[in-house]
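Subject: Handing over a structure

Dear colleague,

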Amino acid sequence: MSTVVERVWATLEHLTDPEIPVVTLRELGILRDVTETPDGVEVIITPTYTGCPAMGQIEDDVKASLLQAGIPARVVTRLAPAWTTDWMSDEAKEKLRVYGIAPPHTTRPDVSVVKFMRHRPAPDEVACPRCGSTHTVVSSQFGSTACKALYKCLDCQEPFDYFKPY
Amino acid sequence: MNAPVDYILHLADNAVVLGQRNAEWCGHGPILEEDIALANVSLDHIGQARLLYQLAATRMGGDATEDKLAYFRDETQFRNYTLLELPHNGPLVGYAVSDRDYATTIVRNFLYGALMVLVWDALEKSPDADLAAIAAKSLKEARYHLHHAADWVVRFGDGTEESHKRAQAAVDHLFPYTEEFWTSSAAEDAAVAAGAGADVRSLRAAWDAIVNETLAEATLVRPQVRGYVPEGKHGRHSEHLGYLLGEMQGLARAHPGATW
């Protein structure tokens, strides 16, 4: 006999990111929590980037899945703590790589704002998701979605996306 | 203590006006990568503006909504810095739409971006938990914006004779507008007095450090600034804001409540 909270997790487990359909919302850390409150079950989601156009779709997907499963629950968007790519599991990172997106490095939260400029860190050494070479260059810090940068492999010559540490 | 609504609107107006301005490059970027970059940066600004307008609307209560705040306030009610509403036309080019100057765009993003990493960093510690949560998210985005703009400032300044000339002209043109950062306004004073806002003047030394270091690397000269100080955050704007809002608000006003 599973609890309603467990049923919600199980129902939402198949939901993937609309733009990166190989990783689930749970694996990405967007689906944060499911709690039972006196007012019913609450599903907590958190936005990735403030302007990410996929967030509306994600909220709709969550609501539609719960409705279909006949589970009454409210979807609540919570900003804090701010989403970070550090929440992504190793398993999810490997799925990204296989899909052709270089997974994010760990963020560097200790880098203060001013220091960030003064000692601008060398760009992350990003391995090509196809051939594994680290002989890569950044083509643009902004890619096809808010969460990605554009890179190019100098060995296999393939352009690829890098999921930015955030 | 919570930050006053007027202060939240000042932050929101800054974000929405620059987001709208930079979105003009969408489909017209100098190269594909930069077209995409500017659209991404605009999306972040508009996302930040939405969170701030939503927060302001919640605190105002009544029938206030994020859309009403963005689309149904007039020019004199906007509290953004004048710097952010200026067109992309630098002093060395004409005033037709096709004369947009990317150096002007980049230098503006840099001067404002250097301020915002510091402002969001300060606001992340605000006792106003809602504002602090928005700041924590925005800081991550602002760092990328600053990194992007600073890289291009160096590339332009330390680039060809033409790119250096344009970058220096943009710096000379835009720098006087940054004086507005350091003057006080009632909304900012109230936010600082409440302990919930960032005291921008205390961030000036850090801003100077970022700006001076980047300009030096770019072989660009920081101009001596004196004279008129713009007052956009007091609601007294240049002639450019009206046109920008005309485009941004036109649809919402022609079809109130429209959805699609």
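The notes below go through the chains, then the contact between them, and then a few details.

This is a predicted model, in which local features need pLDDT of at least 70 and side-chain atom pairs count only at pLDDT 80 or more, while totals for chains, interfaces and linings use all residues. Residues are numbered from 1 along each chain as its sequence is written, and chains are lettered from A and ligands numbered from 1 in the order in which they are written.

I begin with chain B, which has nine helices and zero strands, where helices (H or I, at least four residues) and strands (E, at least two) are DSSP runs numbered from the N terminus. The radius of gyration of chain B, taken over C-alpha atoms, is 18 Å, close to the 18 Å that the globule rule (2.2 Å times the number of residues to the power 0.38) gives for 260 residues, so chain B is as compact as a globular protein of that length. Its C-alpha trace spans about 55 × 40 × 35 Å along the principal axes. Of the 260 residues of chain B, 50% count as buried, and here a residue is buried if 20 or more other C-beta atoms lie within 10 Å of its own, exposed if 12 or fewer, and partly exposed in between, with C-beta atoms placed from the backbone. Two residues are in contact if their C-beta atoms lie within 7 Å, and among the contacts in chain B between residues at least 6 apart in sequence, 76% join residues at least 24 apart.

Chain A contains five helices and seven strands, which follow the pattern α-α-β-β-α-β-α-β-α-β-β-β along the sequence. Buried residues make up 33% of the 166 residues in chain A, and 55% of its contacts with a separation of 6 or more are between residues 24 or more positions apart.

Where the chains meet, the contact takes 30 residues from chain B and 19 residues from chain A. On the side of chain B that touches chain A, α2 (32–60), α4 (102–123), α5 (129–157) and α8 (204–217) each supply at least two residues, and α5(B) gives the most, with twelve residues. By class, that side of chain B has 15 nonpolar, seven polar and eight charged residues, where Ala, Val, Leu, Ile, Met, Phe, Trp, Tyr, Cys and Pro count as nonpolar, Asp, Glu, Lys and Arg as charged, and the others, Gly among them, as polar.

The axes of α1 (residues 5–23) and α7 (residues 186–193) of chain B come within 8 Å and cross at roughly 120 degrees. In this contact B:Asp6, B:Tyr7 and B:His10 in α1(B) meet B:Ala187, B:Glu188, B:Ala190 and B:Ala191 in α7(B), which by class makes four nonpolar, one polar and two charged residues.

In the second pair, the axes of α5(B) and α6 (residues 161–174) of chain B come within 7 Å and cross at roughly 125 degrees. Here B:Val153, B:Phe156 and B:Gly157 in α5(B) meet B:Ser163, B:His164, B:Arg166 and B:Ala167 in α6(B).

Lastly, B:Glu217, which is found in helix α8 of chain B, is partly exposed, with 15 other C-beta atoms within 10 Å.

With best wishes

How values were computed. Axes fitted to C-alpha atoms, helices over the stretch in contact; angles between N-to-C directions.
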